Amino acid sequence: MLYPATMHSTRLTMRPMSAQDILNTWEQGQNQHPLDKALTLLFPSFPDSTKDELATLTIGQRDAFLLSARELVFGGRLNLFARCPQCQERLEFSMSTKDICAVKEPHEPGSIFELAAGDFVLRFRLPDSIDLAETAGCRDVAAARMMLVELCVQQAFHNGTEIPGRELPEEIVGRLSKRMAECDTRAEVLLDLRCPACDHTWQMLFDVVSFFWAEISSHARRLLEEVHTLARAYGWSESDILSMSQRRRQFYLDMVD
Ligand SMILES: [Zn+2]
């Protein structure tokens, strides 16, 4: 088989992460590579899927699901900040997950795309977490790009004759990278920003993995503090405290304070 078994997004059922999930995720993800961390973050929201299945999502699809998983736990508002590259003014702004999701519907993983450039025609699929993990050890960007060509290009033709992907010229490989990014829209979310102080405009890359991770980390630390306070006051176990609703936990916390 050319690529791993794909999952059909319509078959996926999602559920919100529990307090226990949040602590487990935080514990497991600590020292993980961002590619693994992304899957660790996603995993608890998909009770019927394995991590191997989630790894076959394209990066755009993975990030769209991360945004949905995040929405199920923390809601649809994202509070972001940026620093103006021109005058260093700090900007705080918020946006809705819908603003990002509205970009374009992602393609099913395993979909095949075509690129015609000059005398070359390529048939390719979009990179997933497994492909990117393969390229993580490459010495430079050019080597990583070439490895992605070998992994993702299903067929390459030069003037109608099939050729191995590794024989594609540098320029065509560059065109392919660009086309992959266009096809997998949500793999790279760029926000258009304008500085209110100096009117400078620029684009900021929104990285859902590090954003969601930072939120999970601070939420996990808060949960641990709550467990500490309640366990000390009432002698309850960690699992008893975590299995309470946030509302009920807060009620007891207010009485302890
Ligand atoms: Zn500025």
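Visitor: Which residues do ring pairs link into a cluster?

Guide: This is a predicted model, in which local features need pLDDT of at least 70, side-chain atom pairs count only at pLDDT 80 or more, and totals for chains, interfaces and linings use all residues. Residues are numbered from 1 along each chain as its sequence is written, and side-chain values use heavy atoms, with hydrogens and water left out. Rings of Phe, Tyr and Trp (its six-membered ring) pair if their centres lie within 6.5 Å; planes under 30 degrees apart count as stacked, over 60 as edge-to-face and the rest as tilted. The cluster linked by ring pairs consists of Tyr234, Trp236, Phe251 and Tyr252.

Visitor: To how many aromatic pairs does the count come by this rule?

Guide: A pair of aromatic rings is described by the distance of the centres and the angle of the planes. By this rule, the number of aromatic pairs is eight.

Visitor: Are phenylalanine 113 and phenylalanine 124 buried or exposed?

Guide: Their ring centres lie 5.8 Å apart with the planes at 25 degrees, so the pair is stacked. It links distant parts of the chain, phenylalanine 113 in strand β3 (residues 112-117) and phenylalanine 124 in strand β4 (residues 120-125), eleven residues apart. Buried means under 20% relative accessible area, exposed over 50%, and partly exposed in between (1.4 Å probe, protein chains only). Both phenylalanine 113 and phenylalanine 124 are buried.

Visitor: Is tryptophan 236 buried, exposed or partly exposed?

Guide: The rings of tyrosine 234 and tryptophan 236 have their centres 4.2 Å apart and their planes at 5 degrees, so this pair is stacked. Tyrosine 234 has a relative accessible area of 33% and is partly exposed. With 26% relative accessibility, tryptophan 236 counts as partly exposed.

Visitor: How many helices and strands are there in the protein?

Guide: Helices (H or I, at least four residues) and strands (E, at least two) are DSSP runs, numbered from the N terminus. Of the 257 residues of the protein, 40% count as buried. The protein has eleven helices and eight strands.

Visitor: Which residue joins its side chain to that of arginine 249 in a polar contact of 3.0 Å?

Guide: Arginine 249 lies in helix α11 (residues 246-256) and counts as buried, at 3% relative accessibility. Leaving out residues up to four places away in sequence, arginine 249 touches Ala19, Leu223, Glu226, Leu230, Ile241, Leu242 and Met244, where contact means heavy atoms within 4.5 Å. A polar contact is a pair of N or O atoms within 3.5 Å; within protein, one must be able to donate a hydrogen and the other to accept it, and residues adjacent in sequence count only if both atoms are side-chain atoms. The side chain that joins arginine 249 at 3.0 Å belongs to glutamate 226.

Visitor: Against which helices do the buried residues of α1 pack?

Guide: Helix α1 covers residues 19-29, and its buried residues are Ala19, Asp21, Ile22, Leu23, Thr25, Trp26 and Gly29. They pack against α2 (34-42), α4 (59-74), α9, α10 (238-242) and α11.

Visitor: How many bridges join β1 to strand β2?

Guide: Strand β1 (residues 77-83) has a covered face of Leu78, Leu80 and Ala82, and an uncovered one of Arg77, Asn79, Phe81 and Arg83. Two strands pair if DSSP finds at least two bridges between them. Arginine 77 stands opposite serine 96 in β2. Strands β1 and β2 (residues 90-96) run antiparallel, and the number of bridges is seven.

Visitor: Over the ring of which residue does the charged end of arginine 90 sit?

Guide: A charge sits over a ring if NZ of Lys or CZ of Arg is within 6 Å of the ring centre and within 35 degrees of the ring normal. The charged end of arginine 90 is 4.0 Å from the centre of the ring of phenylalanine 81.

Visitor: How many residues has the largest nonpolar core?

Guide: A nonpolar core is a set of buried Ala, Val, Leu, Ile, Met, Phe, Trp, Tyr and Cys residues joined through side-chain atoms within 4.5 Å. In the largest one, the residues with the most contacts inside it are Leu66, Leu191, Trp202 and Phe206, and its residue count is 45.

Visitor: Which helix gives the most to this core?

Guide: In soluble globular proteins, nonpolar side chains tend to be buried together. With ten residues, the helix that gives the most to this core is α9 (residues 208-234).
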